[in-house]
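Hello,

Here is the structure I promised to pass on. Have a look at it first, and my notes follow below.

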Amino acid sequence: MSQDEIPHHAGPGRMVIAPALDEIDRQIVEALGRDGRLSIRALAEQVHISRANAYARVERLTSTDTITGFTVTVDPLKLGLATSAYVTLSLRQSSWRTLREQLQAIPEIKHMALVGGDFDAILLVRAADNEGLRRVVLEKLQAIPEVLGTRTALIFEDLGTL
């Protein structure tokens with residue numbers, strides 16, 4: 001491991017070596033987080049480096065999986081997804097690995113996380129209407145044997161980007 005790499009714990013018995021990021025790298029990640037469509041020229045101008053340096057840094061950040069992809073942010077209402085909720089799950093112990101594949105197959109689930117606390121996982125669910133949300137929670141999620149219980153919190157106003 002070189003001084004340009006930082007070890008990070010990635011779970012029990014797992015260690016990941018991540019490249020060390022300097023202030024310019026952080027500015028690049030922040031700028032691309034605001035606008036993933038920035039050209040290399042515009043990015044270089046924003047962080048005050050040459051285009052060649054900006055290109056090389058973005059390439060390094062991408063090849064080391066520091067930047068794992070570029071995406072688009074959408075307005076769920078304009079996509080016809082008028083109902084959104086956070087759904088928390090209580091799960092059977094040790095079922096997350098198999099369960100997450102089943103959850104990824106449900107298109108209404110837009111984000112999911114394994115968490116610690118009063119519940120085991122939290123999902124962001126977006127559906128066309130309350131009937132669609134009901135179908136996801138009662139017919140899809142509660143039908144999975146590893147799901148012991150669910151709680152649903154409706155979202156009245158969305159301020160984030162997921």
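A word on terms before the helices: axes are lines fitted to C-alpha atoms, for helices over the stretch in contact, and angles run from 0 to 180 degrees between N-to-C directions. Helices (H or I, at least four residues) and strands (E, at least two) are DSSP runs, numbered from the N terminus.

This is a predicted model, in which local features need pLDDT of at least 70 and side-chain atom pairs count only at pLDDT 80 or more, while totals for chains, interfaces and linings use all residues. Residues are numbered from 1 along each chain as its sequence is written, and side-chain values use heavy atoms, leaving out hydrogens and water.

Helix α1 (residues 23-34) and helix α2 (residues 40-47) have axes that come within 10 Å and cross at roughly 130 degrees.

Now the salt bridges (a side-chain nitrogen of Lys or Arg within 4 Å of a carboxyl oxygen of Asp or Glu). The whole structure holds 9 of them. In one, D22 meets R57 at 2.9 Å, N to O; D22 sits in the loop between β2 (15-19) and α1, and R57 in helix α3, 35 residues apart. R57 also bridges to D25, with the closest N and O atoms 2.8 Å apart. Because D25 lies in helix α1 and R57 in helix α3, this pair ties together parts that are 32 residues apart in sequence. D22, D25, R57 and R60 are linked in a network of salt bridges.

Elsewhere, D158 and R126 form a salt bridge of 2.6 Å, N to O.

Enjoy exploring!
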